[in-house]
Amino acid sequence: MSDTRDQLGDAAAAGSANYDLVVRGSRILTTAGIVAREIGIRAGRVVAIEPLGNNLSADDVIELDDSQVMIPGLVDTHVHVNEPGRTEWEGFDSATRAAAAGGVTTLIDMPLNSIPPTVNAEALALKRAAAQTKSHIDVGFWGGAIPGNKGDLRQLHDDGVFGFKCFLLHSGVDEFPHLTADEMEEDMAELASFDSLMIVHAEDSRAIDRAPHAEGDQYARFLASRPRGAENVAIAEVIERARWTGVRAHILHLSSSDALPMIASARRDGVKLTVETCPHYLTLLAEEIPNGATAFKCCPPIREASNRELLWKGLLDGTIDCIVSDHSPSTIDLKDVENGDFGVAWGGVASLQLGLSLIWTEARKRGISLEQVVEWMAVKPAQLAGMTRKGRIALGCDADFAIFAPDEGQIVDVRELHHRNQISPYDGRALAGVVSGTWVRGRKVDFATPHGRLIRRGEA
């Protein structure tokens with residue numbers, strides 16, 4: 001973790017206090033790293049962090065064994081819940097149960113694939129109404145930037161969205177049209193005037209129009225239809241338009257390692273730029289995807305082994321900030337499993353429940369610590385969204401946490417996942433690490449009674 005100071009505050013003076021919940025263990029992941037501690041929780045917040053053995057008293061006590069680690073709840077800032085309008089693809093009940101099962105305690109929902117998309121205040125109100133009684137974890141919302149809604153952006157910002165998503169090519173759904181680079185720049189200037197964030201699906205439509213078409217069951221053909229150059233050109237556009245406007249910009253789901261040098265260069269120049277990547281780009285390989293296996297289709301696509309290793313390098317050197325799911329599910333019919341046609345199938349990977357174990361499985365092979373994994377999947381996404389009480393076990397933070405057994409193994413069985421549609425490229429995959437329980441604001445998620453809250457920018 002980036003802050004190595006243990007946050008004890010004035011907790012010693014409260015050592016005899018009675019807490020709602022106390023967690024004790026030799027492996028508690030605080031801002032001091034994995035240490036032996038007792039965590040006192042009251043009214044949904046962490047209010048005491050004491051050395052193990054102080055015997056804080058509580059109505060409820062969790063005693064961890066040496067195989068378990070208490071980690072901060074993960075923050076996933078890239079989730080397509082799709083409700084209202086396409087709830088048969090996914091909904092707030094199923095998505096937030098899946099998230100909790102994977103140790104995620106906060107997610108931010110993307111503005112498209114629901115009907116209506118979250119592009120004005122009225123649509124945001126409908127989205128909140130759909131989520132209000134169904135969320136098992138805390139949920140926030142991105143707004144959308146599309147042609148013609150520049151006048152709606154400030155109202156959405158004032159209503160608490162965490163920033164605005166745009167596309168530089170067809171989004172996949174007609175009700176969320178893409179911006180041209182000039183339109184994006186105009187909206188960036190608007191967002192910069194009230195210090196909001198533009199998050200961008202950066203693929204260039206002209207490059208993709210000139211690439212081979214993706215029809216058929218050959219994965220290699222699909223990969224050629226979404227070339228690295230399409231990402232590289234679009235990311236260059238984002239960098240320059242962000243440079244000119246001064247906006248904070250964020251590159252979504254980076255898959256092309258070619259773009260890493262220019263991203264690093266832009267940051268050295270002072271461009272306000274952050275970058276994410278996703279578990280599928282860090283765990284899967286184009287060379288291993290069977291023809292016709294449309295469960296693997298996503299956009300941008302999963303690329304080659306050499307590309308994957310450079311993405312890991314980009315994480316380790318800080319060019320890539322965080323890892324989030326880009327959970328983008330659909331019905332099984334839309335994945336065209338029967339025909340295996342990559343040109344027809346919906347592009348999206350469902351991995352919300354599996355992200356932590358997927359990344360930990362690969363990280364430990366590379367000698368990367370659990371602390372670093374949590375930095376990428378909890379601390380940094382919370383920082384991206386401006387959340388000060390999420391992503392850390394620290395005094396004053398929400399008591400959002402999971403109990404994780406890093407040395408326990410599991411075999412993915414798609415039938416046991418909480419996602420609405422039982423399809424995953426990870427079915428049958430052996431993974432390291434198991435989440436045995438998740439708590440949101442000090443209350444354990446029971447998968448039956450939703451008690452998550454809807455959160456707004458600046459209030460978490």
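In this predicted model, P116 lies in the loop between β7 (104-109) and α2 (121-131). The peptide bond that joins I115 to P116 is cis, with omega at about 5°. N113 belongs to the loop between β7 and α2 as well, and its phi is near 80°, a positive value in a residue other than glycine. N113 counts as buried, because its relative accessibility is 2% and the cut-off for burial is under 20%.

The peptide bond from C299 to P300 is cis, with omega near 0°, and P300 is found in the loop between α9 (279-283) and α10 (305-316). H253, although not a glycine, has a positive phi of about 35°. This residue sits in the loop between β12 (248-251) and α8 (260-268), and at 2% relative accessibility H253 counts as buried.

Six strands form an open sheet in the order β9-β10-β11-β12-β13-β14, with parallel pairing.

A pair of aromatic rings is described by the distance of the centres and the angle of the planes. The model contains eight aromatic pairs. One of them is formed by F92 and F141, which are edge-to-face, with 6.3 Å centre to centre and 75° between the planes. This pair links distant parts of the chain, since F92 is in helix α1 (residues 92-101) and F141 in strand β8 (residues 138-141), 49 residues apart. F92 is buried, with a relative accessible area of 0%, and F141 is buried at 1%.

F401 and W439 form a stacked pair, at 4.8 Å centre to centre and 10° between the planes. Here too, distant parts of the chain are linked: F401 is in strand β15 (residues 401-411) and W439 in strand β16 (residues 430-440), 38 residues apart. F401 is buried, with a relative accessible area of 1%, while W439 counts as buried at 9% relative accessibility.

Two other arrangements involve aromatic rings. Ring pairs link Y219, F222 and F342 into a cluster. R86 lies over the face of W89, at 5.2 Å from the ring centre.

Note on methods. Residues are numbered from 1 along each chain as its sequence is written. This is a predicted model: local features need pLDDT of at least 70, side-chain atom pairs count only at pLDDT 80 or more; totals for chains, interfaces and linings use all residues. Side-chain values use heavy atoms; hydrogens and water are left out. Two strands pair if DSSP finds at least two bridges between them. Helices (H or I, at least four residues) and strands (E, at least two) are DSSP runs, numbered from the N terminus. Rings of Phe, Tyr and Trp (its six-membered ring) pair if their centres lie within 6.5 Å; planes under 30 degrees apart count as stacked, over 60 as edge-to-face and the rest as tilted. Buried means under 20% relative accessible area, exposed over 50%, partly exposed in between (1.4 Å probe, protein chains only). A charge sits over a ring if NZ of Lys or CZ of Arg is within 6 Å of the ring centre and within 35 degrees of the ring normal.
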